Amino acid sequence: MKSITIEGQLRSEFGKKATRLLRSEEKVPCVIYGGAEIVAFSAPATAFKNLVYTPEFQVAEIKLEGKTYRAILKDLQFDTVTDELTHIDFLELVEDKKVVASLPLRVTGQSVGVKAGGKLVVKLKTLKVKALPKDLREYLELDITNLDLNENLRVEDVKAEGIELINSPRIPVASVVMTRQLKQEEAAAEKESKKK
């Protein structure tokens, strides 16, 4: 699994004034929850670019004054006007403690419905999961090879060992729909057969 290293400084001062000062220095205030203690720190905004602005699931290796924390993104806050990152909550990965995370969903295979002229529609790009840190992975896979025209694959069709899917099992994840051209061809064929 991909990880990204972030070097920061522990925060000693809190409140609006201290937070404003941090942001004026282009630093983002952050908090790490879920471990033995709650850790407040800050790091340069540029350090988070490859972690925040990516569809990939990554683990953050946060280095703070000689100590390293393994964590995942929990919550992001952005300025409503400037759209700048204003705060990040991390969830520390503890070996024997399950965490809730959003993993990207990747479809694999060539659908028989698409080969027949249908169009693949992927309805969910990520799934919420609950798993131990060792079972987390970069993405979940869904094989669509047997997906035919007008059929759906649902959350329950996604198989991942050691991972509990939190989304409702009946929610459609991917489907193959008929294209307009295919519908017109079918209607034309039906007219022809009625003429005979």
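Mentor: Helices (H or I, at least four residues) and strands (E, at least two) are DSSP runs, numbered from the N terminus. In this structure, Ser12 lies in the loop between strand S1 (3-10) and H1. The model is predicted, so local features need pLDDT of at least 70 and side-chain atom pairs count only at pLDDT 80 or more, while totals for chains, interfaces and linings use all residues. Residues are numbered from 1 along each chain as its sequence is written, and side-chain values use heavy atoms, with hydrogens and water left out.

Trainee: Is Ser12 buried or exposed?

Mentor: Buried means under 20% relative accessible area, exposed over 50%, and partly exposed in between (1.4 Å probe, protein chains only). Ser12 is exposed because its relative accessible area is 67%.

Trainee: In what order do the strands of the barrel follow one another?

Mentor: Two strands pair if DSSP finds at least two bridges between them. Here 6 strands close into a barrel in the order S1-S3-S2-S6-S5-S4, with mixed pairing. On average, neighbouring strands of this sheet are turned by 45 degrees against each other, direction ignored. Such angles use axes that are lines fitted to C-alpha atoms, for helices over the stretch in contact, and run from 0 to 180 degrees between N-to-C directions. Strands S2 (residues 27-33) and S3 (residues 39-44) run antiparallel and are joined by 6 bridges. Within this pair, Val28 stands opposite Ala43 in S3.

Trainee: Which strands does helix H1 touch?

Mentor: Contact means heavy atoms within 4.5 Å. Helix H1 (residues 16-24) packs on the sheet and touches S2, S3 and S6, its direction making about 120 degrees with that of S2.

Trainee: What is the nearest side chain of opposite charge to Glu92?

Mentor: Lys and Arg count as positive and Asp and Glu as negative; His and the chain ends are not counted. A salt bridge is a side-chain nitrogen of Lys or Arg within 4 Å of a carboxyl oxygen of Asp or Glu. Glu92, in strand S6 (residues 85-92), is buried without a salt bridge, and the nearest side chain of opposite charge is Lys67, 6.7 Å away. Beyond its neighbours within four places in sequence, Glu92 contacts residues including Tyr33, Tyr69, Arg70 and Val99.

Trainee: How many residues has the largest nonpolar core?

Mentor: A nonpolar core is a set of buried Ala, Val, Leu, Ile, Met, Phe, Trp, Tyr and Cys residues joined through side-chain atoms within 4.5 Å. The largest has 26 residues, and Ile72, Leu136 and Leu140 have the most contacts inside it. Its largest share, 4 residues, comes from S7.
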